[in-house]
Amino acid sequence: MSIPRRVFGNTGLEVTILGLGAVQVGNARVSEKEAERFLNGVLDAGVNLIDTARGYGLSEERIGKYISHRRGEFVLSTKVGYDVEGYQDWSKGIVTAGIERALRLLRTDVLDIVHLHSCDLDVLQAGDVIAELDKARQAGKIRVAAYSGENEALDYAIDCGGFQSLQFSVNICDQRAIDNALVKATQKGLGVIAKRPVANVFWRYAERPRGDYAEEYWLRAQAMKIDPGDLPWQEFALRFAAFTPGVHTSIVGTSSLEHFTENLAILSKGPLPEAEYRRVRQLFKEHDQGWVGQV
C-alpha cells in the first residue's frame with residue numbers, strides 16, 4: 001500500500017498522512033518482542049512519522065533499540081520540558097538536558113522535530129525555553145522547533161515566531177482550532193500534526209465513562225447528537241481529521257499492528273464527502289458550549 005505524503009509546512013520535511021503516536025509502545029505491559037515487531041511493522045507498512053515523548057514510558061528507549069538502524073526511513077518527533085533528574089520542570093536547562101537524553105535513548109545524532117510538551121502560556125511568554133530550543137536547532141541537534149499544546153498557549157506559539165511546527169487536537173469533537181489556529185498555522189507555513197484524530201474512541205462507551213480519558217469527548221458527542229451515518233465510527237472520525245485542510249499528518253496511538261494497518265486502509269478511501277464534512281463542522285458550531293482544545 002502506497003501511503004500519500006504531504007510537504008510538512010516550510011520545514012523541508014515530508015510526512016505520511018498517518019503517523020504513529022508511540023505512547024502505547026512505551027507501556028511496560030507490551031513485551032519487548034511485541035514492541036520490536038510492531039515498530040518494524042509500522043515502518044514496513046510505509047509510515048514515516050513516529051511521534052514519542054519524554055513522558056511515554058519506555059517509548060523512546062524502545063524506538064532507539066529496535067528501529068534506530070532504520071533511522072533514514074522515518075521522521076522522528078519527540079517532546080521535552082519535564083522529568084529529567086537534577087532539573088526543574090520547564091527550566092531553561094531541562095530543555096537541553098531533555099534533548100541530550102532523547103538523542104541518547106533514541107540512538108540518533110539528530111531529532112527531526114522536538115516539541116515543548118504542553119507547557120503553560122506563562123512559560124512560553126518568559127521565552128527561555130523557546131530560546132533554548134532554538135539554540136539546539138542552530139547547533140544541529142534538532143531540525144524543527146515545535147510546540148504541542150492548545151488554546152491560548154497555542155495561539156501564542158503561532159504568533160511568537162519561535163516554532164516551525166505544531167501539534168494540537170483535531171477531531172469530530174474538538175474543532176476549536178480548525179477555524180483559528182489551523183488557519184494561522186497554514187498562513188505562516190507551519191507544519192501541523194493532528195493529535196487525538198479519533199477523539200479518544202469515545203464511542204466504546206454506551207454510558208458516560210466517568211474519569212476516563214474519553215469522558216469529555218463522550219459528553220460533547222452526546223450534546224452534538226453526532227452519528228457516523230453509514231460509516232463505522234473509526235472510519236468516520238479518522239477521515240474527518242486526517243483530511244481537514246491544513247493538517248499534514250494525524251497520529252494514532254496503538255501497539256497493535258493489525259489496528260494500525262486498518263487505519264491505513266481507512267485513509268486510502270480519502271476524505272469524507274464534502275457534504276458530510278460540512279455537516280460535522282456545523283454540528284460542532286451549533287452545539288459548542290465554549291469547548292476548548294483538550295491538552
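Which residues of the largest nonpolar core touch the most other members? Select I99, L116, Y147 and I172: of the 87 residues in that core, these touch the most other members. A nonpolar core here is a set of buried Ala, Val, Leu, Ile, Met, Phe, Trp, Tyr and Cys residues joined through side-chain atoms within 4.5 Å, and buried means under 20% relative accessible area, exposed over 50% and partly exposed in between, with a 1.4 Å probe and protein chains only. Helix α3 (residues 92-106) gives this core its largest share, 7 residues. Helices (H or I, at least four residues) and strands (E, at least two) are DSSP runs numbered from the N terminus.

Before going on, note that this is a predicted model, in which local features need pLDDT of at least 70 and side-chain atom pairs count only at pLDDT 80 or more, while totals for chains, interfaces and linings use all residues. Residues are numbered from 1 along each chain as its sequence is written, and side-chain values use heavy atoms, with hydrogens and water left out.

Stay with Y147 and show its surroundings: leaving out residues up to four places away in sequence, Y147 touches a set including H115, L116, C119, F163 and L166, where contact means heavy atoms within 4.5 Å. Another core, of 10 residues, lies apart from the largest one, and F8, L13, V144 and A146 are among its members.

Next, colour the strands. Eight of them, in the order β3-β4-β5-β6-β7-β8-β9-β10, close into a barrel with parallel pairing; two strands pair if DSSP finds at least two bridges between them.

Now move to α8, where the buried residues are E215, Y217, W218, R220, A221 and M224. These buried residues pack against β8 (165-169) and α11 (274-287). Just after α8, K225 takes a positive phi of about 55°.

The aromatic rings come next, and the whole structure holds 9 aromatic pairs. Rings of Phe, Tyr and Trp (its six-membered ring) pair if their centres lie within 6.5 Å, with planes under 30 degrees apart counted as stacked, over 60 as edge-to-face and the rest as tilted. Select Y82 and W90, whose ring centres are 6.4 Å apart with planes at 50°, so this pair is tilted. Y82 is buried at 15% relative accessibility, whereas W90 is partly exposed at 22%. Then select F202 and W233, an edge-to-face pair because their planes stand at 75°, with centres 5.3 Å apart. F202 sits in the loop between β9 (191-195) and α8 (215-224) and W233 in helix α9 (residues 233-242), so that the pair links parts of the chain 31 residues apart. F202 is buried at 3%, while W233 is partly exposed at 23%.

Finish at E73, in the loop between α2 (59-67) and β5 (75-80). Is E73 buried, partly exposed or exposed? Its relative accessibility is 38%, so E73 counts as partly exposed. Beyond its neighbours within four places in sequence, E73 is in contact with L43 and N48.
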